[in-house]
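Here is a friendly walk through one protein model, meant for someone meeting it now. Have a look at the sequence and the structure before reading on.

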Amino acid sequence: MNEPWGISGPAFAWLYGVCAVLPFLVAGLWAQSLRRRAADEWTPPGPYHLAALAGGTERVADVAVATMVAGEQIRLDSRGRVTVLRAASGDPLTRAAAELVPQAGDGGLHRLKKLLSRSAAVQEVRNDLQLSGLQVDERRRRAGWLAALIVYVPVLALGLARLANAIPLGRPAGVLTGLLLAVAAATAGTAVLQRPSRTVLPTLAGLRVVGAARRNPLLVPGVAGAVALGGLAAYPDPVMADVLVRTGDATARGAAGSSGGGSGCASGSSCGGGGGGGCGG
């Protein structure tokens, strides 16, 4: 038999093609199966857990900020810079936000939201959701992609060895080269997917919780519930909602900073009429 390794080029290509697709496919199916996990018994979620399911970690930060604005614990100026008016107490998220205000500095609300969304307090919310079955278990999700990555290492080495054997023999290598590129891309993809993710991936049970809250807003009432489901744009006071949205987004914040002078500010209530330089809280 004159075929390299005792197997013809087309037969090897078919087998290698299966090896190129199978690990990624199995890991993807595993990740999808984790979304079907049944939730443990769960009372109506708090606003932070609901926010994480509905909009991810930055939505959790939105709820904390909105809660502090409504409670007149913080104040925003027209450029989005945040001032703590009084110490937050009781709520770990608002306490964490108050502690992060000095680090936010001139980055204002946008920077504060970024810092808070990556804080230990927000991670604790994610841990609660994972334990209750409302969010995909991050460790198990990563384990599936890590297993695929481990399989791809010898698959890639096998393809390179076959290519190194075929070229000196003058065998056609176009198909094998294409498959090697596909394996390299799949290896890179699995390497990325097995890294820790800040994305909140709800299970089907988690999606049902969000759906129930949308159908019955009384499950999570008030400012926190509205913002948990709709973001800062859903803040009940339209004037304050506009300030929060403009200053909480980097692009909008830049545009706001270049418009109009004045050092207007915003707190828990909307701007009053009359008076010269802005709105007080």
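## Before you start

This is a predicted model, where local features need pLDDT of at least 70 and side-chain atom pairs count only at pLDDT 80 or more, while totals for chains, interfaces and linings use all residues. Residues are numbered from 1 along each chain as its sequence is written, and side-chain values use heavy atoms, with hydrogens and water left out.

## Helix H1

Let's begin with H1, which covers residues 9-34. Helices here are DSSP runs of H or I, at least four residues long, numbered from the N terminus. The expected span of a helix is 1.5 Å times one less than its number of residues. For the 26 residues of H1 that gives 38 Å, and the end C-alpha atoms are 38 Å apart, so the two agree.

H1 does bend, though: about 30 degrees at Leu-22, with Pro-23 following within four residues. That bend is the angle between axes fitted to the seven residues ending there and the seven starting there.

Several H1 residues are buried, including Phe-12, Tyr-16, Pro-23 and Leu-34. Buried means under 20% relative accessible area, exposed means over 50%, and partly exposed is in between (1.4 Å probe, protein chains only). Helices H7 (138-166) and H8 (174-193) are among what covers them, with contact meaning heavy atoms within 4.5 Å.

## A buried arginine

Now for Arg-59, found in helix H3 (residues 57-70). Arg-59 is buried yet has no salt bridge, and the nearest side chain of opposite charge, Asp-62, is 4.1 Å away. A salt bridge needs a side-chain nitrogen of Lys or Arg within 4 Å of a carboxyl oxygen of Asp or Glu.

What Arg-59 does have is a polar atom of its side chain 3.2 Å from the backbone oxygen of Leu-229. Leaving out residues up to four places away in sequence, Arg-59 touches, among others, Ala-51, Val-227 and Gly-230.

## Charged pairs

Side chains of opposite charge can pair when their charged atoms come close. The count here is five salt bridges. One of them joins Glu-138 and Arg-141, with the closest N and O atoms 2.9 Å apart. Both lie in H7, three residues apart, about one turn of the helix. Glu-138 is buried at 12% relative accessible area, and Arg-141 is buried at 10%.

Asp-77 and Arg-81 also meet in a salt bridge, at 2.8 Å from N to O. At 16%, Asp-77 counts as buried, whereas Arg-81, at 35%, is partly exposed.

Technical notes:
Helix = DSSP H or I, 4+ residues; strand = E, 2+ residues; numbered from the N terminus. Lys, Arg positive; Asp, Glu negative; His and termini not counted. Polar contact = N/O pair within 3.5 Å; in protein donor to acceptor, adjacent residues only side chain to side chain.
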